[in-house]
Amino acid sequence: MTELLYLQNAYLRENEAIVIDVTDTAIVLDRTCFFPEGGGQPGDSGTIGNVAIIDARLENGSVLHIFDPNERPAFTAGERVSCKIDWEKRFSRMQAHTGEHIVSGLAHTLFGCENVGFHMDGTVMTVDFDRFLDETQLVSLEKAANACIYRDLSVTAETLSAAQAECRPYRSKLDDLPNPRIVTIEGVDRCACCAPHVRSTGQVGLVKILAAMRHRGGVRLTLIAGETAYADYAEKHVAASAIGQSLAVKPSEIAPAVEALLQKNKNLSYEMNRQLQDMLLYIRELTPATTVNLTFFLPSMSVEALKNAVVLLRDRTKGICVTLCGSDADGYYFAMSSTEIDVKVRARAITGALNGSGGGRYDVVQGRLRASRAQIEQYFKELQVNQDENA
Ligand SMILES: [Zn+2]
């Protein structure tokens with residue numbers, strides 16, 4: 001059995017201990033300030049002597065301080081060692097975990113929610129409630145949770161006897177324990193929990209609900225608190241200010257400004273397509289009815305636009321209609337179509353002759369030719385002569 005010092009004092013960062021055992025992967029001590037994984041909170045990391053501890057777990061009453069198997073300790077059972085936890089990480093988790101108690105306690109009181117799942121990934125938490133909460137309810141829950149923080153209420157823990165546990169109600173995920181450890185937030189919540197918490201709600205600093213999604217008939221919230229919530233605010237403020245500056249609006253006005261920008265972009269795109277369509281219709285009128293029709297567009301034309309163009313121009317051509325864009329240096333993208341010929345079959349000969357590749361259906365093929373404009377024009381000129389002779 002390891003004496004769990006963090007239960008008496010969650011703020012204990014280091015302690016002296018006697019080594020009980022050293023296995024292939026873990027150190028067991030007579031007493032420890034390391035919190036072993038439990039109640040959704042990860043185990044502490046830190047050092048024992050000069051050995052880095054990467055995790056801690058509880059097994060049959062003993063805390064296993066896990067080390068990297070490549071860095072085996074030099075000490076053995078019976079020796080005295082110094083332990084030290086990674087305090088910044090632990091404190092951040094204490095802030096987060098206490099924040100979760102506040103939110104879960106209030107969700108229970110205000111909306112009758114039971115907490116049916118809790119997970120901490122780093123210091124970002126997910127909390128599952130058995131009832132769905134809509135946006136208005138979530139806003140009031142978050143406000144009430146932060147009001148609890150401003151009031152700086154005390155957070156205490158006590159282990160109850162079985163008799164006490166029966167007559168003093170508490171919220172719990174571990175209600176089958178005979179001697180539950182109850183964490184009480186003054187006037188707000190009583191909950192069974194084995195993890196270390198901050199001593200008053202003020203130390204949580206801030207609680208923020210980042211996301212909510214429907215989950216098993218209830219809701220899953222993503223929550224942050226304390227240092228993590230501050231860091232998140234700072235990061236988002238930098239991003240919001242930068243966007244605000246680009247759009248020449250206050251950070252609080254960026255959402256409608258981005259919405260307006262997207263709408264403007266949509267309108268421009270619509271207008272551009274309309275003008276392109278007009279231009280293609282105009283080109284179509286000018287295009288003589290020939291057996292081969294070749295139209296080069298500006299290099300900025302998209303492959304999609306090339307395809308649209310070839311479909312519009314193809315009925316002016318008895319044979320093959322080709323639209324292209326590109327440059328001699330980079331090659332030419334093309335779209336090819338015909339109302340009479342299977343262009344998929346014909347494209348193989350063309351791409352073979354002009355160092356290209358492509359694919360598509362019997363009526364429209366697209367691809368790329370790695371040849372100069374002069375070579376392409378020459379090839380299709382010869383093709384036209386041959387076709388006219390055959391006609
Ligand atoms: Zn807890």
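**View 1. Contact between helices α2 and α3 in the predicted model**. Ile102, Val103, Leu106, Ala107, Leu110 and Phe111 in α2 meet Gln137, Leu141, Ala144, Ala145 and Cys148 in α3. Contact puts C-beta atoms, placed from the backbone, within 7 Å. By class, 10 of these residues are nonpolar, one is polar and none is charged. Nonpolar covers Ala, Val, Leu, Ile, Met, Phe, Trp, Tyr, Cys and Pro; charged covers Asp, Glu, Lys and Arg; the others, Gly among them, are polar. Residues are numbered from 1 along each chain as its sequence is written. The model is predicted: local features need pLDDT of at least 70, side-chain atom pairs count only at pLDDT 80 or more, and totals for chains, interfaces and linings use all residues.

**View 2. Crossing of α2 and α3**. The axes of α2 (residues 87-111) and α3 (residues 135-150) come within 9 Å and cross at roughly 125°. Axes are lines fitted to C-alpha atoms, for helices over the stretch in contact; angles run from 0 to 180 degrees between N-to-C directions. Helices (H or I, at least four residues) and strands (E, at least two) are DSSP runs, numbered from the N terminus.

**View 3. Open four-stranded sheet**. The order is β9-β10-β16-β15, with antiparallel pairing. Pairing takes at least two DSSP bridges between two strands. β9 (115-121) and β15 (207-215) are the edges; each has a single partner strand, so one side of each lacks a neighbour in the sheet. The twist averages 20° from one strand to the next.

**View 4. β10, β16 and helix α5**. Five bridges join β10 (residues 124-129) to β16 (residues 218-225). Asp128 has Arg220 of β16 as its bridge partner. Helix α5 (residues 226-247) lies across β10, β15 and β16, at about 85° to β16.

Definitions and conventions: Contact = placed C-beta atoms within 7 Å.
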